[in-house]
Amino acid sequence: MALQFVNALKANLSVTASVGSLAEAEFALQYFDASGALKLLGQSARAADTFTWQIAADILPSSGGDPLNLLLMFKPFILQGGTTNLLLRADQPPGGSLLAVNHPDPGNLYPPYRVCSAMNATTTPYAFQIRIA
Amino acid sequence: MTARHAPVKSLAITAATFGALISATSAAASASAPPVGIVDEKASNKDLFTFDYGVPSSPALNLMGLSPDKTTMSSSLKPFVLSLPSLFSGGADQSAALDIAPLWLLGDNSSIGYNKYVTGPYAQRFKYRFRTEMALYTGNDGGGDSKKVKASQLAFGFSASLLDASDPLTATFPGASDTVWSSCLGTHEDEIKLNPSVPADVATQLNAALTAGDQSEIDRLQTKITEGKKDEDARALKAVQACTDEANKYARFAPNLSVGAGANLQGTPGTLGGFKTSSAVLWLSGKYPLGTVFGSKQVPDTSDGGAAKNGGIPETSYWMVGGSARAGFGTMVSTGDTATPQIKANTFDGWIGLERNSSWLVLSAQAGYQDVSATNAAQDTFSKSGWRWLTSASLKLSSAANGIWLDASYGSAHGTTQTFDDKTFMLSLNFGPANPANLFGENSSPQNDNSSPQTPQNGGKS
């Protein structure tokens with residue numbers, strides 16, 4: 001039902017990642033399509049500290065309640081004093097709900113929550129799942 | 001020369017000295033060879049010829065007479081450092097210190113990314129560079145020995161670096177608007193670029209693990225992806241480190257202005273409490289590069305290219321002028337008098353310096369004024385003031401990478417009391433890289449360019 005709502009409004013789902021304080025990073029968000037293939041949704045330019053992807057409604061699963069599996073990768077660049085915490089938030093359309101299955105506390109996910117941290121210049125993946133119920 | 005001055009050891013190179021010279025030279029000018037003194041006329045009071053630049057990294061600890069070396073202080077951009085003895089029981093001679101960047105403690109840091117820090121309002125950056133410190137010292141009740149009695153102390157302080165130019169996060173190339181850090185990362189874009197590719201089999205397994213909600217498998221596959229990019233990441237880290245060094249270097253040789261203040265309360269010896277007697281200190285320091293030319297750059301160039309042109313020694317050439325002032329109120333000052341060993345006084349210590357550093361010649365000139373005014377008119381005989389100055393030069397006598405340097409310094413002090421009258425004269429041969437006066441902080445010399453100071457705080461200490 002909710003998915004139909006999303007499709008009907010042509011609403012997009014946005015995912016925002018930021019790398020923490022006084023730091024910058026490169027981000028890339030990929031999704032698994034219906035065939036299980038990994039496809040790039042978008043990659044930030046160099047030296048971003050925040051990046052937002054719009055996930056078009058037609059990428060979302062065709063069946064209500066089915067999850068969309070995503071892989072977020074980031075690579076932080078820290079000069080000094082910065083932090084490497086990857087903060088993630090997903091803004092859902094009204095009435096929807098989001099779930100990051102690989103978070104230890106899925107009941108307390110957003111807005112933004114820390115999902116992982118990385119060493120300077122280390123490519124760090126964060127696989128998660130969203131579901132619009 | 002007065003009688004209290006140490007005698008001039010020698011005005012000629014003795015046989016032993018000459019032997020040492022030959023030995024050191026034949027040892028390929030080993031940097032480990034000790035300097036050979038030719039003239040060594042030490043000052044009676046060497047403190048007269050010590051010119052401290054900058055605001056202390058911890059004004060509170062400085063006021064308490066505790067060395068910051070005993071406490072690992074935070075850089076201006078780190079949240080805080082708490083220093084406690086292994087067991088703070090409140091016993092004698094125990095100290096504790098807390099160094100905080102208040103914005104880290106109270107502010108919302110998650111929203112301040114690098115770009116917002118750089119492009120946001122100046123007040124925001126100032127708040128990040130603003131640090132406060134608090135220190136406690138229990139003192140000692142002496143256990144019946146009056147000579148061991150030390151008052152307990154409570155001190156507060158703050159310090160801040162005012163100019164963006166000396167902040168490695170915001171330092172820019174001369175005449176440029178882009179920061180050194182961002183510009184450098186752009187130069188190394190190929191090395192640092194994120195490669196989002198994932199092996200097909202890993203992607204398939206990851207998709208299955210996500211669908212199944214198998215957290216341990218997700219974790220394992222994430223680790224596998226990271227490990228697969230180990231070589232790429234090592235290359236990126238090397239580039240990032242190079243950019244860190246570059247940003248720190250430009251910040252060090254940029255104009256700087258720092259302020260600091262501290263207050264110290266003294267209380268019951270051996271017990272924290274009864275604080276009443278107080279003193280306060282204000283610091284102000286600044287430095288300004290007058291221009292350094294290497295190629296097209298207006299800053300010291302210690303790149304490999306510069307080193308190659310100079311037998312391995314980083315090619316540097318710059319002028320730096322700066323000064324520092326310290327005003328104390330109600331400060332306890334030693335008099336050197338047995339009947340009245342200390343007095344309470346208002347003090348002022350001002351200093352200006354000029355430094356020239358190049359690959360073959362290092363010059364410095366410093367002049368300062370000190371004033372001590374007893375707060376109690378009855379102790380005015382201990383009030384004093386005076387001028388002091390010190391010049392030094394290091395001249396490279398050879399062209400080898402770690403060659404022979406002739407170091408010379410001469411200083412004189414004159415004031416209203418005999419303790420302010422002093423002189424120093426040093427002449428020596430040094431085998432190895434020059435050890436310049438380095439007036440504006442231990443890391444301001446490009447000879448020390450491998451060091452990477454991690455704080456934009458405190459002028460030359462940055």
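Over which residues of chain B does pLDDT stay under 50, with 47 contacts beyond four places in sequence in the model? That stretch is residues 293–314; pLDDT is the predictor's confidence in each residue, from 0 to 100, and two residues are in contact if their C-beta atoms, placed from the backbone, lie within 7 Å. This is a predicted model, where local features need pLDDT of at least 70 and side-chain atom pairs count only at pLDDT 80 or more, while totals for chains, interfaces and linings use all residues. Residues are numbered from 1 along each chain as its sequence is written, with chains lettered from A and ligands numbered from 1 in the order in which they are written.

For chain B, the mean pLDDT comes out at 76, with 72% of residues at 70 or more. Helix α1 (residues 15–26) of chain B sits lowest, at a mean of 38, and α8(B) highest, at 95. For the complex, the predictor gives an ipTM of 0.86 and a pTM of 0.74.

As for the fold, chain B carries eleven helices and 13 strands, taken as DSSP runs numbered from the N terminus (helices: H or I, at least four residues; strands: E, at least two). Of contacts in chain B between residues at least 6 apart in sequence, 68% link residues at least 24 apart.

Where the two chains meet, 44 residues come from chain B and 41 residues from chain A. On the chain B side, α10(B) gives the most, with seven residues. That side has 21 nonpolar, 16 polar and seven charged residues (Ala, Val, Leu, Ile, Met, Phe, Trp, Tyr, Cys and Pro count as nonpolar, Asp, Glu, Lys and Arg as charged, and the others, Gly among them, as polar).
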